[in-house]
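Subject: Structure for you to look at

Hello,

Here is the structure I promised to pass on. Please open it alongside this message, and I will walk you through what turned up.

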Amino acid sequence: MNQATSALPHSAPLDQIDFSDPNLLRDDTWHRYFARLRDESPVHYQAESPFGPFWSITRFDDIVAVDSNFKDFSSEPAILIGDIPDDMPAEMFIAMDPPKHDVQRRAVQSVVAPRNLAEMEVLIRSRVCAILDGLPVGETFDWVSDVSINLTTQMLATLFDFPFEQRHKLTYWSDIAAGTEEMTGGDVSTEERMEGLKECLQTFTALWHERKANPRDSFDLITLLQRDPNTADMVDKPMEYLGNLMLLIVGGNDTTRNSATGGVLALNLFPEEYDKLRADHSLIPSMVSEIIRWQTPLAHMRRRATRDIEFGGQQIKKDDKVVMWYMSGNRDERAIASPDQFIIDRENPRHHISFGFGVHRCMGNRLAEMQLRILWEEIMQRFRFVEVVGEPVRVKSNFVKGYESLPVRVHPV
Amino acid sequence: MPRITLVEFNGTSHTIEAEVGKSLMLNAIDNSVPGIDADCGGACACGTCHVFVEPAWSEAAGESNPLEGAMLSMRPDQSDLSRLSCQIEVTDAMDGMVVRLPEYQM
Ligand code: HEM
Ligand code: FES
C-alpha cells in the first residue's frame, strides 16, 4: 500500500505523506491531506517520492504568484510532476518559456478565440442535442462513456475536421498521452504510449498532406496552421506538430469530459443547487464556472526553479521541482468563501484557479465554457433530473482529476 | 473625481465618476460596466481586463510593466493601445479619458 493511503490524514506527520500518490485522487481522500498542507506547511518540501523530491504549493495566492512568475519558475522541460520519457520528445508550448512559448501559442490561439467559437456554436449544439436525444430514458447507463466522452470526442473531431468515423482514436491518444506510471502514476505502459503517439503523428501527417492537396474554406485547426506563415511548414517539424496536436487533444479532452461528469455529480450532492438551477436556467453560465472550480479537472502543473529563491519563507533551490496543486488552491478558504460547497450563484464564480494563471493560462477556456454551457442548456430542456444511481469510479492519476464511470438515470421534464 | 468613458465594442458608452487611487478595472466593475471579466481579481495574471486606451490618453495611463506586456502579448486582438485595466491606477490626470473595450475577453 502507498504511504498516503495508510497514513492517517489527521495525525500523520506531514513528512510521512506522499502528496504525489495517484490513489489520493482515485479514492477521493486528498481533501484532508491538502487542507493540512494549506494550514501547516503551505510551501512544502517532500524529500522522497516516486517522482523524486518536489515542493507542493497549495494556497491560492501562492499558486498565482508562482504561475505568473515564469522567469523564476520555468515550464521547461515538463509540466507534469513526473518526467516525460525521452523517446517521443514532443515539443509543446505548454512546456516552453517565453519568448518561444509566445510565438507558438500566438500561431494557434485565434482558433479558439470567441469570434471563431460563435461560428461553431450551432454545430456543437446540434451534436449535443443528438447525443442527449439518444439517451435511454428509464434505464441505468454510464454518463461518462455515453455523454461526456462522446461529446468531447465529437468536439475534437470538429476542431480538427478529423474523419468522423475514426474519432474514437482521438480519445485513445488523449488517454495515453499523460497516462504512464512515470508521468502521473497511471497504468499506461511506456511502449503503448510510444506506439500510440507514433500512430497519432502518422495519421495527422497524412491528414496534413491531404488537406494541403485539397484546400478548403474552413477554419479547422490544420487549415489554420497551414495558412499562418509561422506554422505553414510545421509538418516538417514532426515533434513540434505532434506537440501541438497532443496539447489540443489532451487539453480539450479529459478536462471538458470530466467537467461534464463532475457537474452531474455535484448537482446530485447538492440538491438545493439543482433546485436553484431548475427554477432559473439563466444561472447556467455561472454554474459552468462553478463546476470547473469544484471539479478542477487538472490537479496540478509543475515548474522548475531557475535560481535559488526564497518563497513563502522557504528556500527553494535552483532546479527544484515546484508543483502547483490547483485542486487545493480551489479549496483555499483564504481566497474562496465556503470552498467545499458547490454554489451555482456565487458572487464571483470566475475567480477560480482551474485554468491556471499567467502566460500559460488555459488557451481553450472559452471553448470549454461554451461546450459546458450548451450541454447544460440542452440538458435542462430535456431532463428534470439526471439522477446519480451509484458510486463514481475515479481516475487513478495525480494529474487528471476525473471519472472512469458514473451510473445515472435520466428523468424527462 | 475624474470622469472616464468606457466604450463597449458595440459602441455603447459608459461615463463613470472614477475613484482616484483605485484601478480602472475595479472602477469599471464597481460601476457595472460590462465587458471586463477580471478573472484573477487584479493580479495581472489572467488578461481578461483588456482595454484599448485612446492614443491621446496613453501618457496619462502610464507605461505597462513587463509582466503586463507578457500577458497582453497572449491576446489575439492585441494592439499598440492595449492595456490591462487592473494595472492602470486612476489619477486626476485621467479626467476625460476614453478607453475602448475589446470584442471579447479571453
Ligand atoms: C474545463 C476545461 C479545461 C481546464 C480545466 C483546462 C486547464 C488548463 C490548465 C490548468 C492549463 C495550464 C495553465 C497554467 O500553466 O497556468 C491549461 C493550458 C492549456 N489548455 Fe486548457 N483546460 C481546459 C480546456 C481546454 C480546451 C477545451 C482546450 C482546447 C483548445 C485547452 C487547451 C489548452 C492549451 C493549448 C494550453 C496551453 C497554454 C499555454 O501553455 O500557453 N484547454 N489548461
Ligand atoms: S484582472 Fe486579471 S489581469 Fe487584470
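Let's begin at ligand 1: one of its oxygen atoms sits 2.6 Å from an N or O atom in the side chain of His101(A). Please keep in mind that this is a predicted model. Asp67(A) also reaches the ligand, with a polar side-chain atom 2.9 Å from an oxygen atom of ligand 1. Phe357(A) takes part through its backbone instead, where a polar atom is 3.3 Å from a ligand oxygen. Several elements of chain A give two or more residues to the shell around ligand 1, among them H5, helix H12 (238-251) and strand E5 (300-305).

The shell holds 30 residues, and those that come nearest to the ligand are His101(A), Arg105(A), Arg303(A), His360(A) and Cys362(A). By class, the residues around ligand 1 are 16 nonpolar, 10 polar and 4 charged.

Next, the place where the two chains meet. Chain A brings 21 residues to the contact and chain B brings 19. Together the chains bury about 1700 Å², with 58% of that on carbon and sulfur atoms. On the chain A side, Gln109(A), Arg115(A) and Arg366(A) lose the most area to chain B, and together they make up 25% of what that side buries.

How many salt bridges cross this interface? The rule finds 4 between chain A and chain B. One to look up is the pair Asp39(B) and Arg350(A), whose side chains meet at 2.7 Å, N to O.

Helix H4 (60-68), helix H5 (100-109) and helix H6 (114-133) of chain A each give two or more residues to the side that touches chain B. H5(A) supplies the largest share, 5 residues. That side of chain A is made up of 8 nonpolar, 6 polar and 7 charged residues.

Finally, a stop at Phe164(A), in the loop between helix H7 (143-160) and helix H8 (168-177) of chain A. Is this residue buried, partly exposed or exposed? Phe164(A) has a relative accessible area of 29%, so it counts as partly exposed. Beyond its neighbours within four places in sequence, Phe164(A) is in contact with Arg127(A), Gln154(A) and Ala157(A). Val137(A) is 27 residues from Phe164(A) in sequence, and the two C-alpha atoms are 26 Å apart in space.

Enjoy exploring!

Best wishes

Note on methods:
Residues numbered from 1 in each chain as written. Chains lettered and ligands numbered in written order. Predicted model: local features only at pLDDT ≥ 70, side-chain atom pairs only at ≥ 80, totals over all residues. Heavy atoms only, no water. Contact = heavy atoms within 4.5 Å. Buried area = accessible area lost by both parts, 1.4 Å probe. Helix = DSSP H or I, 4+ residues; strand = E, 2+ residues; numbered from the N terminus. Nonpolar A, V, L, I, M, F, W, Y, C, P; charged D, E, K, R; others polar. Near = heavy atom within 4 Å. Polar contact = N/O pair within 3.5 Å; in protein donor to acceptor, adjacent residues only side chain to side chain. Buried < 20%, exposed > 50% of the residue type's maximum accessible area, 1.4 Å probe, protein only.
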